[in-house]
Amino acid sequence: MLEQLCINTVRTLSMDAVQKANSGHPGTPMALAPLAFVLWDRFLRFNPRDPHWAGRDRFILSNGHASMLLYSMLFLTGFDLTLDDLKNFRQWGSKTPGHPEYGLTAGVETTTGPLGQGISNSVGMAIAQRWFAAQFNRDGHNVFDYRIYAVCGDGDLMEGVSNEAASVAGHLGLSNLIWFYDNNHITIEGNTSLAFSDDVATRFQGWHWNVLHVADVNNLEEVDRAIRTAQTETERPTLVIVNSHIGWGSPHKQDTAEAHGEALGVEEVRLTKINYGWPPDAQFLVPEEAKSYMGKAVERGAQWEREWNEKYAAWAKAFPDLGKEWELIAKRELPEGWDKDIPVFPADAKGMATRESNGKVLNAVAKNVPWLIGGAADLAPSTKTLLKDGGSFERGEYDGRNFHFGIREHAMGAIVNGMSLSGIRAFGATFFIFSDYMRPTVRLAALMDLPVIFIYTHDSIGLGEDGPTHQPIEQMMSLRAVPRLLTFRPGDANEVAEVCRYIMTLKHEPALLALSRQAMPTLDRTKYTSASGTAKGAYVLADSGGTPEVILIGTGSELQLCVGAYERLTAEGVKARVVSMPSWELFEKQSPEYRAEVLPPGVHARVAVEAGTTFGWSKYVGDAGEVVGHDDFGASAPIKELMTHFGFTVENVIAKARLSMSKAKS
Ligand SMILES: Cc1ncc(C[n+]2csc(CCOP(=O)(O)OP(=O)(O)O)c2C)c(N)n1
């Protein structure tokens, strides 16, 4: 009876909040309240007063539209969420936004809403737990032993990303991962039979998952049994297929798509409450018995954390070095001397590709930062991201540092986000063109303020023969448009080193590296200015003195064209300046004075050179400016021909410089 009271409290709070906001999704919280209750009441280990407790189990609501389910549970179990917060559901400034947002609401483990992402993040979290356990649990000290639970719906399981992620989880045998699939046969347009006839169980069995069934979510003992069984599994992740009825108890809306995405309506809410045996006109009613029973989570959580802290203390005493490492991880800090092996690259006219220099720098840093780990989507030999002597993270060998994500870019993005949410300094790598395959995850990393490193190589038409399907054009500029994301297109090996030195210290922003396939000169820094200006996003690389007549702005592999043009122009007596601009966003963070120093507002003759779309460059070159870029798709040919054909030559940069100088004059 008490349990039913708690469950109906979750249901009615969800209905009332959606009704008050007149916006939101009531049906799924009403249906899944029993599942959430049993899981949180009997199994989930968490401490509402310390939501970041490292030993906690993770709970992810991947069907984020059902957010009121999570908010009701957080409120009732004593997290930092009040009844007023629930009443402010979906309102400006509230802690209860439409979809759960990481960092905004205590107890929300990841931002969900774009379907498929949450459960895919959960795979990254399960990987992180396994990795921590392999690294840190020693000699019977079992400090890192938590589980990851995720709830998902039809939408999550239809999305491609979750298929990729589930395939990874099954392959790796992540038995610490338990997904609950809300099998309610309803999505927005109506019955799932309109668009979805997969045999989900067979699909997951094919991915080497353990598959369990709950015939009726309202049968609490059946739910309990399924979770107990899932917990005994040691080889495979578990999918629990849970049959439920969306809008359960609503006389006119149960099992209909209307229960999915709109308030039930005042009268229907009343009728449903009558069905639950609830006072029909009471709103946001929290019976004392329910609140006090569910509120016991606070004492339970505190006790768990106390016990865990004892385990932790004994472990940290036995392994002080590991203990220190963990503390750094938890604070997102770096070990002393972490950057001491970052190389300085000698000047070299032939130089090297930035993917190459990045591989060297990454390895130099990884040597001193053991939790800098990641991998590629089957392109490590090309992206040069293999960590030497790092071993592979494989089923049963969970201490490896190189991840083989397979050809699953989208899941790779979601997984590295999940790893980052767990404290790992994670990177994922592929060709730049395939950033399109993982774009939602880059966006979510930025939205969640996660310091993930996205490494993209083969960053322009300069990749050559692979042709237009592989040649990025609009990717760089479109990713510059993602708020909070820091993008970098370094112009030589020493800029790569400086980019790494900078991004490793980030705690809250993802960084994206666009790196070349082809070699580019390593600039002579005794002749040109130091690469340390990279950390300001843009800096004056070369200047002939006095007020420049023209400014040449270059990024990445085209910086060398600016340098070449500068040498010729200055030899002819033109006062020129080269600005290297590896990161727009970092430059924008500098003071107005610094920006005006680098790009004096009075100098209108400007040329930007970047092998990508010209779209957007007018911001820096202005009306009299010119852009050497490319606004159509590329072509399959050797790089030299491509670059000449598309105008990426010193001669063309000089011609554009002259044109801009004359435009600026008139
Ligand atoms: C990637 C993505 N596509 C579309 C949507 C819009 N959307 C939100 S809920 C939903 C239907 C989800 O159905 P289901 O998972 O069965 O949820 P239920 O109706 O059972 O709550 C859709 C299409 C979304 N949130 N994310």
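At what angle do helix α7 and helix α17 pack, and how far apart are their axes? Let's start there. One caution before the answer: this is a predicted model.

Helix α7 covers residues 160–172, and helix α17 covers residues 409–421. They pack at an angle of about 70 degrees. Their axes are 8 Å apart. Angles of 65 to 115 degrees count as roughly perpendicular, so α7 is roughly perpendicular to α17.

Who makes the contact? From α7, the residues are V161, E164, A165 and V168. From α17, they are E409, H410, A411, A414 and I415. Sort that contact by class and you get 6 nonpolar residues, 1 polar and 2 charged.

Please move along to the 539–543 stretch, which is strand β16. Here we have an open sheet of 5 strands. The order is β16-β18-β17-β19-β20. The pairing is mixed.

Which strands are at the edges? They are β16 and β20, the latter at residues 626–628. Each of these edge strands pairs on one side only. From one strand to the next, the twist averages 20 degrees.

Look inside the sheet at one pair. Strand β17, residues 550–554, runs parallel to strand β19, residues 606–609. The two are joined by 4 bridges. For a landmark, take I553: its bridge partner in β19 is A608.

Methods
Residues numbered from 1 in each chain as written. Predicted model: local features only at pLDDT ≥ 70, side-chain atom pairs only at ≥ 80, totals over all residues. Heavy atoms only, no water. Pairing = 2+ DSSP bridges. Axes fitted to C-alpha atoms, helices over the stretch in contact; angles between N-to-C directions. Parallel < 35°, antiparallel > 145°, perpendicular 65-115°, else oblique. Contact = heavy atoms within 4.5 Å. Nonpolar A, V, L, I, M, F, W, Y, C, P; charged D, E, K, R; others polar.
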